[in-house]
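This report walks through a structure, from a loop to a sheet and then to the aromatic rings. Please keep the sequence and the coordinates at hand.

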Amino acid sequence: MDQKIAIDTEIITLGQFLKLADVIQTGGMAKWFLSEYEVYINDEQDQRRGRKLKIGDRVEIPGVGSFIISQS
C-alpha cells in the first residue's frame, strides 16, 4: 500500500522528499542515503537528490516503503 505524502508546492526535490517522508532525519543525509539505497521514481531508478518530483509521482524504496506525492 502506498503512503501518501502531501506537498503544498508544485514540485519538491528527491532530497526534500526523503526528509518530508521521515525516511532520513536531516537533509544532509540525502546524499549518503541515495548512495546506499535504490530509489525508484515511477518505476525508473534514480539517485539524484535534486530530481524534481511532482504531484502524482510514485517513489518506491525497497525495504523502506512506497509513497505517492499528493496535494495538501
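## A loop with positive phi

Asp 43 sits in the loop between E3 and E4. Strands here, labelled E, are DSSP runs of at least two residues, helices (H or I) are runs of at least four, and both are numbered from the N terminus. The model is predicted: local features need pLDDT of at least 70, side-chain atom pairs count only at pLDDT 80 or more, and totals for chains, interfaces and linings use all residues. Residues are numbered from 1 along each chain as its sequence is written, and side-chain values use heavy atoms, with hydrogens and water left out.

Phi of Asp 43 is near 65°, a positive value in a residue other than glycine. Asn 42 lies in the loop between strand E3 (40-41) and E4. Its phi is near 50°, again positive in a residue other than glycine. Most residues other than glycine have a negative phi.

Is Asp 43 buried or exposed? Asp 43 counts as exposed, at 67% relative accessibility. Asn 42 is partly exposed, with a relative accessible area of 38%. The cut-offs are these: buried is under 20% relative accessible area, exposed is over 50%, and partly exposed is in between, with a 1.4 Å probe and protein chains only.

## The sheet

An open sheet is formed by 5 strands, in the order E1-E7-E6-E3-E4, with mixed pairing. Two strands pair if DSSP finds at least two bridges between them. Strand E1 (3-7) and strand E4 (44-45) stand at the edges. Each has a single partner strand, so one side of each is left without a neighbour in the sheet.

E1 and E7 run parallel and are joined by 5 bridges. Ile 7 stands opposite Gln 71 in E7.

## Ile 5 and Ser 70

Ile 5 belongs to strand E1. Its relative accessibility is 6%, so Ile 5 counts as buried. Ser 70 belongs to strand E7 (residues 65-71). Ser 70 also counts as buried, at 17% relative accessibility.

What does Ile 5 contact, leaving aside its neighbours within four places in sequence? The partners are Phe 17, Leu 20, Ala 21, Phe 67, Ile 68, Ile 69 and Ser 70. Contact means heavy atoms within 4.5 Å. With the neighbours within four places again left aside, Ser 70 touches Lys 4, Ile 5, Ala 6, Ile 7 and Ile 55. Ile 5 and Ile 55 are 50 residues apart in sequence, and their C-alpha atoms are 9.4 Å apart in space.

## Aromatic pairs

The structure holds 4 aromatic pairs. One of them is Phe 17 with Phe 67: edge-to-face, 5.5 Å centre to centre, 75° between the planes. Rings of Phe, Tyr and Trp (its six-membered ring) pair if their centres lie within 6.5 Å; planes under 30 degrees apart count as stacked, over 60 as edge-to-face and the rest as tilted. Phe 17 lies in helix H1 (residues 14-20) and Phe 67 in strand E7, so the pair ties together parts that are 50 residues apart in sequence. Phe 17 is buried, with a relative accessible area of 0%. Phe 67 is buried too, at 3%.

Phe 33 and Tyr 37 form a stacked pair, 4.3 Å centre to centre, with 15° between the planes. Phe 33 is buried, with a relative accessible area of 4%. Tyr 37 counts as partly exposed, at 34% relative accessibility. Trp 32, Phe 33 and Tyr 37 form one aromatic cluster.
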